[in-house]
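Student: Can you walk me through this model? I'd like to start with the overall layout and then go to single residues.

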Amino acid sequence: MILGVLERLFLYVGLIQGVEQSLILIGALKIGTRIKNEEDKISNDYFLVGNIVSVLLVFTTIAIWNCLNKL
């Protein structure tokens, strides 16, 4: 459930920022985590969550930077 919420948050922030490529990025990350063995499913999910959080931090930083520059 948390992974689904994180994915939607990622897409929401990406699309609000006008980064339509976030749809491609999330698709590529999900496919990339499914290619590996099913034995490593937990580590694959951590990989996906880590990447989403990392890109969300970038989106957030850019949004804050843009807001500060408009002042």
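What follows is a short exchange about this predicted model.

Tutor: Some ground rules: this is a predicted model, where local features need pLDDT of at least 70, side-chain atom pairs count only at pLDDT 80 or more, and totals for chains, interfaces and linings use all residues. Residues are numbered from 1 along each chain as its sequence is written, and side-chain values use heavy atoms, with hydrogens and water left out.

Student: Fine. How many helices and strands are in the chain?

Tutor: The chain has three helices and zero strands, in the order α-α-α along the sequence. Helices (H or I, at least four residues) and strands (E, at least two) are DSSP runs, numbered from the N terminus.

Student: What does the C-alpha trace span along its principal axes?

Tutor: About 50 × 20 × 15 Å.

Student: And how much of the chain is buried?

Tutor: Of the 71 residues, 21% count as buried. Buried means under 20% relative accessible area, exposed over 50%, and partly exposed in between (1.4 Å probe, protein chains only). The accessible surface of the chain is about 5,300 Å², with 69% of it belonging to carbon and sulfur atoms. Those areas come from the Shrake-Rupley method with a 1.4 Å probe, and for residues only the protein chains shown count as cover.

Student: Helix 1 next. Which of its residues are buried?

Tutor: Gly4, Leu6, Glu7, Phe10, Val13 and Gly14.

Student: Why is Glu7 on that list?

Tutor: Glu7 has a relative accessible area of 13%, so it counts as buried. Apart from neighbours within four places in sequence, Glu7 is in contact (heavy atoms within 4.5 Å) with Ile26, Lys30, Leu48 and Ile52.

Student: Switching topic. How many aromatic pairs does a search of the whole structure find?

Tutor: One. The ring centres of Phe10 and Phe59 are 5.6 Å apart and the planes are at 25°, so the pair is stacked. The pair links distant parts of the chain, with Phe10 in helix 1 and Phe59 in helix 3 (residues 41-70), 49 residues apart. For the cut-offs, rings of Phe, Tyr and Trp (its six-membered ring) pair if their centres lie within 6.5 Å; planes under 30 degrees apart count as stacked, over 60 as edge-to-face and the rest as tilted.

Student: Is Phe10 buried or exposed?

Tutor: Phe10 is buried, at a relative accessible area of 1%. Phe59 is buried too, at 8%.

Student: What about the residue after that, Thr60?

Tutor: Thr60 lies in helix 3 and is partly exposed at 39% relative accessibility. Its C-alpha atom is 13 Å from that of Leu11, 49 residues apart along the chain.

Student: Last one: which residues form the nonpolar patch on the surface?

Tutor: Leu9, Tyr12 and Ile16, with about 340 Å² of accessible area together. Patches take residues with over 30% relative accessible area and no salt bridge, joining like charges within 9 Å and nonpolar side chains (Val, Leu, Ile, Met, Phe, Trp, Tyr) within 5 Å. A salt bridge is a side-chain nitrogen of Lys or Arg within 4 Å of a carboxyl oxygen of Asp or Glu. Tyr12 is in helix 1 (residues 2-16) and counts as exposed, at 56% relative accessibility.
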